[in-house]
Amino acid sequence: MMEHIRTPKVENVRLIDRTAPRKAMVGTLYLSATHTIFVENNPETRRETWVLHSMVASVERPPTTPSGSHLVVHTKNFQVVQLLIPQERDAMDVQASLARLSRPEKYSELYCLSINPNANKEEREESWSFLDLQADYRRMGVPNNLWVSTPANSEYRVCDTYPSELFVPKSATPPVIVGSSKFRSRGRLPVLTYFHQDTLAAICRCSQPLSGFSARSQEDEQMLEAIMKSNPGSDYIYVVDTRPKLNAMANRAAGKGYENEDHYANIKLQFIGIENIHVMRNSQQKISDVGELKTPSMGDFLWGLESSGWLKHIKAVLDAGVFIAKAVAEEGISVVVHCSDGWDRTAQACSVASVLLEPYYRTMKGLMLLIERDWVSFGHKFSHRYNHLEGDPKEVSPVIDQFLECVWQLSEQFPCAFEFNERFLVQLHRHVYSCQYGNFLGNSQKERRDMGLRERTHSLWPQLWKDRAQYANPLYRADHTQTQGILRPNTTPYCFK
Amino acid sequence: MEFSEHIKTANVEDVVLRRPFHPPMQGTLCVTGHHLLFSNRDGDSSRLVLLLLRNIDAIEKSVENLLGYSSLFSSTGQSQRPSVSSGTITLKCKDLCVLQLDIPGMEECLNIARSIEYLSSLDIVSDMYPFFYRPLKLSLQDQWGLSSPEQNYAQMEELQDRWRLSHVNKDYSVCPSYPPAVIVPHSIDDETLVKVAKFRQGGRFPVLCYYHRKNGMVIMRSSQPLTGANRKRCREDELLLQAVIDGSGLGYIIDTRSNQQAQQARMTGGGFESKSSYSCWKRLHRQLERGKVLQESLIKLVEACGDHSHSVDRWLSKLENSKWLSHVHTALATAGLLAECVERDGHSVLVHGSEGTDATLLVSSLAQLILDPNTRTLDGFLGLLEREWLLAGHPFQHRCAHSAYSHARLRLEAPVFVLLLDCVWQLARQFPLAMGFSEPLLLRLAREVYASDYGTFLCNSDQERCAAGVKERTHCLFQFLLKPSEREHYSNPLYEPTELAIWPSIQPQSLQLWRGLFLRWTQHAVHLEKAQEELRNLVIECRGAS
């Protein structure tokens, strides 16, 4: 990376406080292989400001003024760092260096892969065994006489974006599993993600069926039938399509679409209407623009908030979770959730539902496990969505941001129900983008295995756990009424902020 | 007055009461001169719901009596009650709670509705409930009010060489809305004050309301000068203001109207301090809304909060449309400006708008909260309200006659005091450790100001309160809130006093809707209340452990 640094050090740089532009710190700017560092000259304070290159979203250089060149650095976690550099030449060099450093072209350029993996070999190995997904399935009582583990996806044979270990209904035979996977977009067949022991209802996830206008698959129909049978006493299941109905219908023209209720016995189809990643990307752009208005009036702000649509989208995600949680806990009906590919909106809906249903997922370790299961293991495309490498900007979208915000909104409504505080969520958000740890690199379990991330990087989870004292919510008590049982949030618009 | 003549039906059996957070309840409804009483005997346990009639802002009734009519004209109709007729009364309260009563019998229903309509809007002060409220624990001999202007003055020794306590208004003749004693510059005698009062609307001549110990600068407040269309001057008024700065250079006047509004005010006899006559004073205009605009804003906001059907977009657009948060924003921004003039730039400031009884008080009291740690304790805050609102003559009875649900034609209503409480809540939210009092106190005040067992918020001025015998014949809310039994509930468990000024952020994203008040009756509020309780327990536990 060092070869991309044109100027490693610039002196007499001013770091400008955005809220009080007249106040500024004078100091020296350093560019290292991993960070931009600003050190204040004042010998008494020597305040340091560090910005990790992978957190940099953009570097703008407004027209040069007599006092020098401004550089405005936006980070992916919404920080804005404004610098004033005396020489235009230096400013251009810094901008060019940062532009390159913040957009690595290969995984090997990332911070977590730039360290010597064997420096702390034991610690590294131990860090990856901190979470045990299989143990979490056992905690929910899986496998059991209704749900079993299948070897079908070992070596990622039926679906290369799924984990190798999958849980399916006991009555689903190997031909049904393989047949169903062939009838689903990218092979993402319906499999178990959450099992509710109280009602024996389950949440399953998959991608859209390749139904087009009339195609059908006996095996896929049998698969959904098997899912229903794995919930003794129920005579139908919900299929939750998290897309707006129009989008789902449009997909039929491309040979995809949604389940035809005439072909599948005993399903009830429900559309939720979460918008796609492109709408969400634009919405986030708009809302962060609102945050940067110079001196907005209250009206400007509320109008901007409204026209960004951000809270509307958050509500849609939460509503999806509420629908699923209600079906599972109150009606005792199993739910199959999908969107198009089943790795964005589906991940959001399933994980919000889990948080509502299961007190354990409202603890620190529980939330880690939930992210590890519904997001990491089921092939949420972290590197594409969070722009880890220079790539297609149309793939970028704040999908997990929205999940974390849903959890935050819930924690605002139920201040005693969560073991962790806001800082924990902010920290998670940061590390999704930072690439300081190997957890969120790549786009699927298979990719991570092929890269050998466990051998080459550290895991984030034990680090967060070590610092858990600063992430604890003082109001949380395991025996509090808000802590127990399922959460029934109010999703009336005024509850969102 | 005899209340009974307005109560045709005093008791009805088998009424169903529906209210937030409780399942419907069947029982007996009873109307008294000041209350609705609902009781239900369920086996051994009996429950009682008491509602102050004054709290009712609007009443809506609907009756179903189709079969009732036919039986009226049938041969047996005279003797038989129309058993199927019934009515529903919806009560919308000033504390924003909405209740519903299902009453069997159309006539009973209409009678009760009529009684409520009449008794909830009594306007003779001495008929109001505080004059009848006689709890066992309180005595009318208890002290009324927290302190007097004399005591306040005596406590502030450091200002006494430049400022004096004037009793020029002891019989309320100079300014009917001022208290009998006010603080003015030492060099200005009472005779001058009388002349100044004639030059200010309502006689509200400039008086001291805050002395900043750190630099000796002061906040003064008054009403507008009566310069009129031909730019009249008043030598004494100029002298008084000159004495305020006393050679310290420059003072600021914060006019809570826009420049244009101030110009227009001249047409109706009002005006502003012109540069040429008051050369040492610099005027700043900041437009704060008042009166009808503010009341309508509250009505729109409450309407938006009560509508559960709409989408996020519509909610946000209604919230914006109500402009309530914009009013919060402007009030805090202006108070911040005032505090900045005093603390950072070291200037004395005079605040006024037109009457000087609404926006002026809002801005001056918020600025004091920002600057003065003494006003941030529980006692200090209530003291501030007493000085800056009750004694300073905010017309509570006019402003709080009706709240957001009323269908009555707007007269002098305006939720200025609620706006103050909202701004204080915003401050407390931004500085969770700085305030000695808690959100429940603000909520309690927001309720009491509209309907109360206590006499504190009755009438429009100190003079009226004295004339009505409020201080002898009713109990004082502030004294009650400071009793040991109440004090704990209204204290902030996280309180850690700071001597520093607390500068609020007035970025729009820093201001929030005050859910505790406006969404008080939704499930939402219950979870948050539990959290408050948990927090309190936690702090008590920690204190116990250490």
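Me: Which residues are buried in helix 8 of chain A?
Reply: Keep in mind that this is a predicted model. A residue is called buried when its relative accessible area is under 20%. In helix 8 of chain A, the buried residues are A:Met298, A:Gly299, A:Phe301, A:Leu302, A:Gly304, A:Leu305, A:Glu306 and A:Ser308. That makes eight of the 11 residues in this helix, which spans 298-308, so the helix is mostly covered.

Me: What do the buried residues of helix 8 of chain A pack against?
Reply: Their partners come from chain A and chain B. In chain A they are helix 7 (277-291) and helix 9 (310-331). In chain B they are helix 8 (312-322) and helix 9 (324-343).

Me: Now salt bridges. How many are there over all chains?
Reply: To count, a side-chain nitrogen of Lys or Arg must lie within 4 Å of a carboxyl oxygen of Asp or Glu. The count over all chains is 51 salt bridges.

Me: Which residue forms a salt bridge with A:Lys315?
Reply: Start with the general idea: an α-helix has 3.6 residues a turn, so residues three or four places apart point the same way. Here, the partner of A:Lys315 is A:Asp319, and their closest N and O atoms are 3.1 Å apart. Because the two residues are four apart in helix 9 of chain A, about one helical turn separates A:Lys315 from A:Asp319. A:Lys315 is buried at 17% relative accessible area, while A:Asp319 is partly exposed at 24%.

Me: Where in the chain are B:Arg200 and B:Asp237, which meet in a salt bridge?
Reply: A salt bridge can also be read by asking which parts of the chain it links. The N to O distance between the side chains of B:Arg200 and B:Asp237 is 2.8 Å. This pair links distant parts of the chain, 37 residues apart. B:Arg200 is in the loop between helix 4 (190-198) and strand 10 (207-211) of chain B, and B:Asp237 is in helix 5 of chain B, residues 235-245.

Me: Are B:Arg200 and B:Asp237 buried or exposed?
Reply: B:Arg200 has 1% relative accessibility, so it counts as buried. B:Asp237 is at 0% and therefore counts as buried too.

Me: Which residues do salt bridges that share partners join into one network?
Reply: The network consists of A:Asp136, A:Arg139, A:Arg205, A:Glu358, A:Arg373 and A:Asp374.

Me: Last, helix packing. At what angle do helix 10 and helix 13 of chain B pack?
Reply: Look at the angle and the distance between the axes. Helix 10 (359-371) and helix 13 (416-430) of chain B pack at about 20°, with axes 10 Å apart. Angles under 35 degrees count as roughly parallel, so these two helices are roughly parallel to each other. The crossing of helix 10 of chain B with helix 13 of chain B is right-handed.

Me: Which residues make the contact?
Reply: Helix 10 of chain B contributes B:Ala359, B:Leu362, B:Ser365, B:Leu366, B:Leu369 and B:Ile370. From helix 13 of chain B come B:Val416, B:Leu419, B:Leu420, B:Cys423, B:Val424 and B:Leu427. By type, the residues of this contact are 11 nonpolar, one polar and no charged.

Conventions
Residues numbered from 1 in each chain as written. Chains lettered and ligands numbered in written order. Predicted model: local features only at pLDDT ≥ 70, side-chain atom pairs only at ≥ 80, totals over all residues. Heavy atoms only, no water. Buried < 20%, exposed > 50% of the residue type's maximum accessible area, 1.4 Å probe, protein only. Contact = heavy atoms within 4.5 Å. Axes fitted to C-alpha atoms, helices over the stretch in contact; angles between N-to-C directions. Parallel < 35°, antiparallel > 145°, perpendicular 65-115°, else oblique. Left-handed = near helix turned anticlockwise from the far one by under 90°. Nonpolar A, V, L, I, M, F, W, Y, C, P; charged D, E, K, R; others polar.
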